[in-house]
Amino acid sequence: MSLDVSLEIEVDTGGKEPHIIYLYDANITHNLGPIAEMVFLYGPLWRPEENGIDTASDLIDPLINGLHDLRRFGRDHFKDAAPKNGWGTYDGFMHFVENLLKACQEDPKAKFTVSR
């Protein structure tokens, strides 16, 4: 199972329903939730609707802060929270956060959606 995240926009083309254009999408294993919790990213990423996260711009500051903590504490700090089954790594989570941050900065007005 994984957390699927998307940045999307709706475009009114005059048809019955607006079209959704996906600008960015990625997924990450739920096994990395404990690491996300340690850097205060679990709520914004896994439960955005409960944390006031609607758009990419809402997510930028939490991602910057979480990325800062991931780098500041380093891999060893998170080793006990790393999945014991090997599905998901600190490096993989870092990569996920870095890429999502870049996408949010490029399209800050995009809607942020998740599927759990």
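This is a predicted model: local features need pLDDT of at least 70, side-chain atom pairs count only at pLDDT 80 or more; totals for chains, interfaces and linings use all residues.

Visitor: Is Val-5 buried or exposed?

Guide: The general idea is a cut-off, since a residue is called buried when its relative accessible area is under 20%. Val-5 has 1% relative accessibility, and therefore it counts as buried.

Visitor: Which residues does Val-5 touch, leaving aside those up to four places away in sequence?

Guide: With those sequence neighbours set aside, Val-5 touches Tyr-24, Asp-25, Ala-26, Phe-96, Leu-100, Phe-112, Thr-113 and Val-114. As for pairing between strands, the bridge partner of Val-5 in β3 is Val-114. Separation in sequence and separation in space can also be read side by side: Val-5 and Asp-107 lie 102 residues apart in sequence, and their C-alpha atoms are 14 Å apart.

Visitor: What can be said of Ser-6 and its accessibility?

Guide: Ser-6 is likewise found in strand β1, which covers residues 2–11, and because its relative accessibility is 12%, it counts as buried. Its contacts, again without residues up to four places away in sequence, are Tyr-22, Tyr-24, Asp-25, Lys-111, Phe-112 and Thr-113. The bridge partner of Ser-6 in β2 is Asp-25, while Glu-8 has Lys-111 as its bridge partner in β3.

Visitor: How many bridges join β1 to each of its partners?

Guide: Ten bridges connect β1 with β2 in the antiparallel sense, and five bridges join β1 to β3, again antiparallel.

Visitor: How should I describe the packing of α3 and α4?

Guide: Two packed helices are described by the angle between their axes and by the distance between those axes. In this case the axes of α3 and α4 come within 9 Å and cross at roughly 145°, and the crossing is left-handed. Among the residues that make the contact are Leu-59, Leu-63 and Leu-70 of α3, together with Phe-93, Val-97 and Leu-100 of α4. Sorted by class, the contact comprises 14 nonpolar, one polar and two charged residues.

Visitor: Which residues have the most contacts inside the largest nonpolar core?

Guide: That core has 32 residues, and those with the most contacts inside it are Leu-45, Leu-63, Leu-70, Phe-93 and Leu-100. At least two residues of the core are supplied by each of β1, β2, α1 (33–38), α2 (42–46), α3 (56–73) and α4, with α4 giving the largest share, nine residues.

Visitor: What does Leu-100 touch, again without residues up to four places away in sequence?

Guide: Leu-100 touches Val-5, Tyr-24, Leu-45, Leu-59, Leu-63 and Phe-112, a list that brings us back to the residue with which we began.

How values were computed:
Residues are numbered from 1 along each chain as its sequence is written. Side-chain values use heavy atoms; hydrogens and water are left out. Helices (H or I, at least four residues) and strands (E, at least two) are DSSP runs, numbered from the N terminus. Buried means under 20% relative accessible area, exposed over 50%, partly exposed in between (1.4 Å probe, protein chains only). Contact means heavy atoms within 4.5 Å. Two strands pair if DSSP finds at least two bridges between them. A nonpolar core is a set of buried Ala, Val, Leu, Ile, Met, Phe, Trp, Tyr and Cys residues joined through side-chain atoms within 4.5 Å. Axes are lines fitted to C-alpha atoms, for helices over the stretch in contact, and angles run from 0 to 180 degrees between N-to-C directions. A crossing is left-handed if the near helix is turned anticlockwise from the far one by less than a right angle, and right-handed if clockwise. Ala, Val, Leu, Ile, Met, Phe, Trp, Tyr, Cys and Pro count as nonpolar, Asp, Glu, Lys and Arg as charged, and the others, Gly among them, as polar.
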